[in-house]
Amino acid sequence: MHHEPVQAKLFTKWSIPLLALMLAGAAAFVARFAFGLGATTNLSNNYPWGLWIVFDLIWIALAGGAFVTAGIVYVFHGEKYHVLARPAVWMGLLSYSFVVVTLLADLGLPWHFWQLAVQMPEHSAMYEVSWCVGLYVTVLALEFAPTVFERFGWNRLRDIWRTWSPVYTVAALGLFTFLMSHQIWMAAVATVLFAVIAWLTRPSADRTGVPVILIIAAVTFSTMHQSSLGSLFLLMPDKLHPLWWSPFLSILFFLSAIASGIALVMLMDMTVSRVFRRPWNGEVLAGMGRILLGALVVYYAARIADVAARGQLAALSGRPGALFLIEVLGGGLVPVLLLSTDALRRKKAPLISAALLAMLGVMFHRVNVVLLGMRLPGTMPGGPTETYYPSLVEWLVSLSLVAAAIFFFGLGAKLLPILPRLEPTAERAAGASDAATRG
Amino acid sequence: MSKAVLEDTTRCLGCRSCQVACKQANDLPAERTHLEKRRLGFQNPAALSAKTFTVVTNHEVEDPRAPAGLRWVFAKRSCMHCLEPACVSACPVTALHKETDGPVTYDSEKCLGCRYCVWACPFGVPTAEWDSLAPRIRKCTLCFDRLRDAAAPAELNGKAAPPEAQARMAEAQAKPACVAACPTGALMFGERDALLAEAHRRIAEHPERYVAHVYGEKEAGGTSLLYLAAVPFDRIGFRTDLGERSVPSHSVPAMSAVPPAVIAAGGLLAGIYFLSRRRAEVKAKQAAPAKDAPEAAVPQDRKE
């Protein structure tokens, strides 16, 4: 697979609103630290988490597209989807980086972050997520590194990367296992296992290709933090409505992240084709549509079975019931129908709608979990709580980071070999037969 | 060895000495007064905050046993110091900590300010300093610092303190400020087991005076603040929907599953990798003409 930077002007008419929004967001970010959380946000003791946490949860679910795509291509050997791998990883790297920026704004005392490295709480989901996301960002950076090496011809660095990134990855997985278990033997088992996997899947003797252990680590870390983001809410059985609270929240968060990740990667590829005037990847997108269909069926089957098993399906009523139905019908049933046949998956309109609805459905789930499905008893001694609506600063910080992600994604695609090289049209028809000799 | 506080609300006058003593002991600033007499009676402020760790609630409750059918009930509310605290289980940096002798304490030097504890607490206790540029979490610590160094001053008004005065001061010092300030004995400090026994003894002795329930004995896995009352607890602002299961017990299984899941995920992914590589090889062999076969059989992932 050959990649090349997109030949296009770095700044277009679209850059102006994006840059303006980024500038406003930077000002809001500064204001947050200059005037404090209370003055600049509408967060309170009743709503200690708001828009920023919702954005983070949504964004991490969507950025799950990075690990799902890498997993499909490198672990499941879905060579057909190779064209999506680099853009998905670039999207993931940007997303996770900006999620961390949001967290910096959200944390009251972010300069104490190093305490995460010196404290070892027993069973804190927040601790798990912090470490897991931190380590995953480094793995994403390592996954993305060859794109940079290739662009600048840094072959020496690339060789160092091939040799040492697996070592780092195995160490990271071992460390993570130790921090979560406090057991030396557990960490030793993990380290040995991943070292053996790294050795067995090492790049071929001609020293080309991605160390597969990087991808296995990416999928493993993603599985852990995507699910633990759900575990965060296990401590709120008294507040989160039973349509959302479940002892299996972690599994539901993980499954929904797979679905929304695939949907986002599809939408990303569709947008790239349109914005950069590249051909529509009909074959690839139809295949992704089939995978999305599977992911949606698995997730919503689990979601409905979980609600039914706890006897909540029969008790569906009121506003929570309506929110649940919107989620399951709009985000689940409709896209499943739209993706149900091969003919439908090859048509643009149903495919776009299905991906969009699948993504929105999972986004809506996260909004419901953090805000709409929460029944807040209020600060002791309790009582009516004021309603929460995000402040301007909160909106600006969050929206500007989305703008930054879009802007830098485009900039990256124009500067770095992220998107696959387009063969001249005549050759592209013959491309399939000569695929074996390429590379 | 777990300390606890028992409040017998039938002995509480609503004098709010405890509330004032708490302010003094923790050196907390004043709050602006907003009375909501219809909803809260003379309670002030309306809720705990970073400036208020203890608040006395006022409740005028219909009770046929009371003269004229109405009874005033007052309750001193503050951190419940759960036996298995949700806030401690939530905290990613152990800034919140359950001491072995009962108090749930907080160390702002460790805190990230993530406010997960504020969300997680079923009683709505931890609060953040929203108007600060370095917002700490604030809550009652059961005056654990007083309990630790409960030495009485050797001098009293410039003279050597007589032994009995020293003993009296040491005793007051060895209690949380709220308990030491209580003029009616509504608040008692001691071993949790002993206080529970005392609470049940009072219920058994005067069943006409109490509802037969010690709030905090089992709520959310048990708390170190225990309450007796003449009226059902939901009538005086206590949550009665929490059940007896501790909050952290809901998340411990999921978090304990993480390390084995890491190992299982690694093994599973490696298995899938080799199986699908084998399948790709076989497929490539079948698809390619004999001449190209060796080249086509190169695993697809090895080509970047």
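How much area do domain 1 of chain A and domain 2 of chain A bury between them? The figure is about 800 Å², and 78% of it is on carbon and sulfur atoms. Please keep in mind that this is a predicted model.

On the domain 1 side, Gln226(A), Phe233(A) and Leu234(A) lose the most area to domain 2 of chain A, together 62% of what that side buries. As for where these domains run, the assignment for chain A gives residues 120–129 + 154–235 as domain 1 and residues 244–377 as domain 2. Their C-alpha centres are 28 Å apart. In terms of contacts, 8 residues of domain 1 of chain A touch 11 residues of domain 2 of chain A. Between these two domains the count of salt bridges is 0, while 2 residue pairs are in polar contact across the interface, both at pLDDT 80 or more.

Next, one residue in chain A. Thr40(A) sits in helix H2, which covers residues 37–40. Thr40(A) counts as buried because its relative accessibility is 9%, and the cut-off for buried is under 20%. A polar atom of the Thr40(A) side chain lies 2.7 Å from the backbone oxygen of Gly36(A). Beyond its neighbours within four places in sequence, Thr40(A) has contacts that include Phe35(A), Ser391(A) and Val393(A).

Last, the cysteines. Over all chains, the disulfide count is 0. For Cys18(B), the nearest cysteine sulfur belongs to Cys15(B), 6.3 Å away. Cys18(B) is buried, at 9% relative accessibility. Cys182(B) is in no disulfide either, and its nearest cysteine sulfur, again that of Cys15(B), is 6.5 Å away. With 19% relative accessibility, Cys182(B) also counts as buried.

Terms used. Residues are numbered from 1 along each chain as its sequence is written. Chains are lettered from A and ligands numbered from 1 in the order in which they are written. This is a predicted model: local features need pLDDT of at least 70, side-chain atom pairs count only at pLDDT 80 or more; totals for chains, interfaces and linings use all residues. Side-chain values use heavy atoms; hydrogens and water are left out. Helices (H or I, at least four residues) and strands (E, at least two) are DSSP runs, numbered from the N terminus. Buried means under 20% relative accessible area, exposed over 50%, partly exposed in between (1.4 Å probe, protein chains only). A polar contact is a pair of N or O atoms within 3.5 Å; within protein, one must be able to donate a hydrogen and the other to accept it, and residues adjacent in sequence count only if both atoms are side-chain atoms. Contact means heavy atoms within 4.5 Å. A disulfide is a pair of cysteine sulfur atoms within 2.5 Å. Domain bounds come from an automatic or database domain assignment. Buried area is the accessible area (1.4 Å probe) that two parts lose on being put together, summed over both. A salt bridge is a side-chain nitrogen of Lys or Arg within 4 Å of a carboxyl oxygen of Asp or Glu.
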